[in-house]
Amino acid sequence: MKLSASEDDLGSDIHVPADIDWHMLDKSKFFFLGAALFSGVSAGLYPAMLLKTRQQVSSTQISCFKMSFSIMRCEGLRGFYRGFGTTLMGTIPARALYMGALEVTKTSVGSSTVRLGFSDTTATAIASAAAGLSSAMAAQLVWTPIDVVSQRLMVQAPNASPCRYKNGLDAFRKILFADGLKGLYRGFGISMLTYAPSNAVWWASYSVANKLIYGGLGWSDNIRRSESKATAVAVQGLSAAMASGVSALITTPLDTIKTRLQVLDKEENGVRKPLTMLQTVRNMVKESGLVACYRGLGPRWASMSLSATTMITTYELLKRLSAKNQESLTS
């Protein structure tokens, strides 16, 4: 999902606030503030991600409330943040790559498509699609190894004896030693297959929701820009939450397969080996039928909705805070 808000021209009677382009940003402030803001957002959303991951690898269906109660009783509040340190270390460089690729691609492709004679609406759509693709690919290079390590820490039994992984660094070292570099990139292919359709579905749903909400509000050109910004944030947040629900419903099966590929192993003659995609799907269907594909849907839906809403509003705030003053822009 792209982090910045949609700027499609929704019609002559709809007024959408202008975007802040890459050349208008103070880059050092943009990346420094971005690391701080998105680290805070990640901390707030992490418990839902942990619940989703544990549900997806569980061999039986367990409700979110029952699992949350069990974690709190057996592990305390710290149990909801297993692997968070590893995730936080990966979030900073992954977000930096994501935001940099996103803004550079969007600005360069957007200006190129306008010069080619495309309308503003079409140019924005093409630029957003290209930016979403390039940023997702850039971020996954960092995020997949972090995902593999953090998810294994998430599902590790709290009182396991012997403890398989002491911490994120220990897990990283052991995975690298046992499986090589490919062990850290387990599930990379299906990660791309998961996030590509997820982005496509999200943006299609977001655009439809945006049009419906803006149309219902009757937001006209005579509304002052200062008054429209607060409304824009509210509409962006609501549209993001609606789009996330649709995207989660469609792409959760792929996300469940990805998580199991990255976390679960099989044993052959006492040697642990990674599962293939076919074996993973077969095991899931054998356990609970197609229902197993949707384990973790509730937490994933909640996490995606909260993430999309907070990421869009936070990202737009970040860009406003990082914008250069007019003197810097004209000099």
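**Reading helices and cores in a predicted model**

User: Is Thr113 buried or exposed?

Analyst: Thr113 is buried, at 5% relative accessible area. Buried means under 20%, exposed over 50%, partly exposed in between (1.4 Å probe, protein chains only). Thr113 sits in helix 3. Leaving out residues up to four places away in sequence, Thr113 touches Phe118, Ala123 and Ile126. Contact means heavy atoms within 4.5 Å.

This is a predicted model: local features need pLDDT of at least 70, side-chain atom pairs count only at pLDDT 80 or more, and totals for chains, interfaces and linings use all residues. Residues are numbered from 1 along each chain as its sequence is written, and side-chain values use heavy atoms, without hydrogens and water.

User: Which residues touch the most other members of the largest nonpolar core?

Analyst: A nonpolar core is a set of buried Ala, Val, Leu, Ile, Met, Phe, Trp, Tyr and Cys residues joined through side-chain atoms within 4.5 Å. Here the largest has 13 residues; Phe30, Phe38, Met99, Leu102, Tyr315 and Leu318 touch the most other members. Helices 1 (27-57), 3 (84-115), 4 (120-155) and 10 (297-322) each supply at least two residues of this core. Helix 1 gives the most, four. Another core, of eight residues, lies apart and includes Leu50 and Met67.

User: How far apart are the end C-alpha atoms of helix 9?

Analyst: Helices (H or I, at least four residues) are DSSP runs, numbered from the N terminus. Expected span is 1.5 Å times one less than the number of residues. Helix 9 (residues 277-288) has twelve residues and should span 16 Å; its end C-alpha atoms are 17 Å apart, which agrees. Gly289 follows helix 9, with a positive phi near 75°.
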